[in-house]
Amino acid sequence: MQTTTTAPPPGQPMAEPGRHDAGDVQDRSPMTPSPDHAEDAAPISRIVAEVAAAFPGERISLGEMAEAFGDRAFGLLLLLLLLPGLLPGMASVFGTPLLILGVQMGLGLRVPKLPGLLARQTIKRSDLLLLASASSKGLKRIERYIKPRPGFFTGPFGERMIGWLTAYVAIMLILPGPGTNGPPAFGNIVMALGLIEHDSKVTAWGVALTILGCAFATVVLVLLAWLGIEALNWLF
């Protein structure tokens, strides 16, 4: 990815590459696209591109993202932790941090407070772009309808509900089971997109999809546990 620099006004020193002062962070939130390009990309591609542009290093830590994106950090971190759930074999790795964020949202925190070990975890910029391009066709169709729409799920109680649902999804991702990762993760991604874009309607779709996905995953895991118990009883 190439970046361009703009010469400062006469008498003002040029900022060093890769450095941002506090005023820059407050005045130019990386979650706010420029008016000329706000509609150029679907939400996931646009959000990931903005994250990559805001942090030009090879790796980006979760702690840096949590500080930079303020009250939108929950939705962003949920999205970035959930996207691997659509890829085989990667979901369980992100289950624990997802569980922590979900519980914090459920308890009503407005900004995530990441433990030191979790805050130091980093994501490669190249992996972010890969995850954006790997999002499913179904998800891309949903992205077309996302826009700011206030409602129940953009309020405090709705966000708490999203948090507890996310915590349940995290448990489904942590527990092993065939086909139990994708459906809950997909619904939770839709919820996260609605949360980031302040779209109560899309968030409601995500809630419904998440409940259905979690119900499916729960049934599969319960059946596996029952079969395991029956197999042990038969053997012993």
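Modeller: A residue is called buried when its relative accessible area is under 20%, exposed when it is over 50%, and partly exposed in between (1.4 Å probe, protein chains only). This is a predicted model, in which local features need pLDDT of at least 70 and side-chain atom pairs count only at pLDDT 80 or more, while totals for chains, interfaces and linings use all residues. Residues are numbered from 1 along each chain as its sequence is written, and side-chain values use heavy atoms, with hydrogens and water left out.

Biologist: Why is Asp-199 called buried?

Modeller: The relative accessible area of Asp-199 is 0%. Buried means under 20%, so Asp-199 is buried.

Biologist: What makes the pair of Arg-149 and Asp-199 a salt bridge?

Modeller: A salt bridge requires a side-chain nitrogen of Lys or Arg within 4 Å of a carboxyl oxygen of Asp or Glu. The closest N and O atoms of Arg-149 and Asp-199 are 2.8 Å apart, and the two residues therefore form a salt bridge. Arg-149 lies in the loop between helix 8 (137-143) and helix 9, and Asp-199 in the loop between helix 10 and helix 11, so the pair ties together parts 50 residues apart in sequence. Helices (H or I, at least four residues) and strands (E, at least two) are DSSP runs, numbered from the N terminus.

Biologist: How many salt bridges does the structure hold?

Modeller: The structure holds 2 salt bridges. Glu-159 and Arg-110 also meet in one through their side chains, at 2.8 Å from N to O. This pair links distant parts of the chain, with Glu-159 in helix 9 and Arg-110 in the loop between helix 5 and helix 6, 49 residues apart.

Biologist: Are Glu-159 and Arg-110 buried or partly exposed?

Modeller: Glu-159 has 14% relative accessibility and therefore counts as buried. Arg-110 has 48%, so it counts as partly exposed.

Biologist: Why does Thr-210 count as buried?

Modeller: Thr-210, in helix 11, has 0% relative accessibility and so counts as buried.

Biologist: Which backbone atoms does the side chain of Thr-210 reach?

Modeller: A polar contact is a pair of N or O atoms within 3.5 Å; within protein, one must be able to donate a hydrogen and the other to accept it, and residues adjacent in sequence count only if both atoms are side-chain atoms. The Thr-210 side chain reaches the backbone nitrogen of Asn-188 at 3.1 Å, and one of its polar atoms lies 2.6 Å from the backbone oxygen of Gly-206.

Biologist: What makes a group of residues a nonpolar core?

Modeller: The residues must be buried Ala, Val, Leu, Ile, Met, Phe, Trp, Tyr or Cys, joined through side-chain atoms within 4.5 Å. The largest such core has 53 residues, and Val-51 and Met-65 have the most contacts inside it. Among the elements giving it two or more residues are helix 2 (43-54), helix 3 (62-69) and helix 11 (200-235).

Biologist: How confident is the predictor in the chain?

Modeller: Confidence in each residue is given by pLDDT, from 0 to 100. The chain averages 75, and 71% of the residues score at least 70. Helix 1 (residues 22-27) has the lowest mean pLDDT among the elements of the chain (40), and helix 9 the highest (91). Where pLDDT is low, the predicted coordinates should not be read in detail.
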